[in-house]
Structures are given as structure tokens and as C-alpha cells.
Amino acid sequence: MARPLPASSTDEHLDHIASFLDDMFRIPGTQIRFGLDFLIGWIPAVGDLAAGMASLIIILAAWRRGAALVTLARMIANVILESLLGAIPLVGDAFHVFWKANRRNYRLLIRERNRARGQSHAWRDAFFLALLLMGALCVLVAPLGLVVWLMRSRGLF
């Protein structure tokens, strides 16, 4: 059962939060937008953690509204992916600008409203999570396979 929403979690407020974190500023002469998430990501160690914590506001609102579990998992995966890859110097900062986890999560939240009207997109969320899981497994298994191959080629195994 969905919990009553506080006045601070209306769609308009959540859109402002997503904008503030992901696309509040624009690089002059381009269509490239960025927000506070990108800026605080430059603070070593705590920047990406703080940005990830701020991203939980939209996820919490979706949970309070009774969003499907697979959609909540996808929202969390968006934030974790942005936080982990965002922690890589320079490359991660560019990832913040182009991934925009908060804007993605806001769109997922609005899409959940349509789910209540009979338009289900749960298969997209499950597909995204499956791809993410397969990618994570590849990232974990590839180095292990490389070590085993090196050990066998050197006659150590």
C-alpha cells in the first residue's frame, strides 16, 4: 500500500531535485548540461558518496509511492553505477555528465504512474538489470580467467 506523500515529494519537487543534481547548468555554446552531482564529484573521497546519498531522495519517493520492486532495483542500480564509475578520476566525471542517474530515475518514477494505468514496462527493468548483472560478472570473471591463463602458460598451475 502506498504511503501518503509529504508535500516536498510532489512530481514538481522531484523534477527540481533531478534538475539540480543532473542538468542545472549548461556549457555555453553546447547542449551539454550538468548539475551539482558532477560538481561535488570533484571532491576527493566524499563527493561521489554525497552525490549518491542525494540521489536516494527520488528512490525513496518512488518507494513511498509503491513502485514495483524491479523498478526500485533499477533505480538503485542507476545510482550505484553512476557512483562507482563516477569515482574514476576524469572518466567518471564525464560519465556523470552523460549518464544522469537522477534524471533517469525521475523518468522511471513518472513511468511508474503509467504502470498503474495498465502500461507495464517491468520487462525493460528486468532486461536492464540482467545486462548489468552479466556485465558485473564479466568484470569479475575476466581478471580471474586471465590469472588462471597466465599461471597455466607459465607452468605454475
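## A predicted chain of helices and strands

Lysine 100 sits in the loop between H5 and helix H6 (101-116). Helices here are DSSP runs of H or I with at least four residues, strands are E runs with at least two, and both are numbered from the N terminus. The model is predicted, so local features need pLDDT of at least 70 and side-chain atom pairs count only at pLDDT 80 or more, while totals for chains, interfaces and linings use all residues. Residues are numbered from 1 along each chain as its sequence is written, and side-chain values use heavy atoms, with hydrogens and water left out.

**Two loop residues**

Back to lysine 100: its phi is near 50°, a positive value in a residue other than glycine. Leucine 90 also has a positive phi, about 65°, and is not a glycine either. Leucine 90 belongs to the loop between helix H4 (69-86) and helix H5 (91-99). Buried or exposed, what is leucine 90? Leucine 90 counts as exposed because its relative accessibility is 60%, and lysine 100 counts as buried because its value is 16%. The cut-offs are under 20% relative accessible area for buried and over 50% for exposed, with partly exposed in between (1.4 Å probe, protein chains only).

| Residue | Phi | Relative accessibility |
|---|---|---|
| Leucine 90 | about 65° | 60% (exposed) |
| Lysine 100 | near 50° | 16% (buried) |

**The whole chain**

The chain holds 7 helices and 2 strands, and read from the N terminus its elements follow the order α-β-β-α-α-α-α-α-α. Its C-alpha trace spans about 65 × 40 × 30 Å along the principal axes. Of the 157 residues in the chain, 33% are buried. Among contacts (heavy atoms within 4.5 Å) with a separation of 6 or more, 61% are between residues 24 or more positions apart.

**Inside the chain**

What does the largest nonpolar core look like? This core has 14 residues, and those with the most contacts inside it are Leu14, Ile58, Ala62, Leu72, Met75, Tyr106 and Leu109. Helix H1 (11-22), helix H3 (47-64), H4 and H6 each supply at least two of its residues. A nonpolar core is a set of buried Ala, Val, Leu, Ile, Met, Phe, Trp, Tyr and Cys residues joined through side-chain atoms within 4.5 Å. Leaving aside residues up to four places away in sequence, leucine 72 touches Ile59, Ala62, Trp63 and Ala67. A second, separate core has 5 residues, among them Ala77, Leu81, Trp99 and Ala101.
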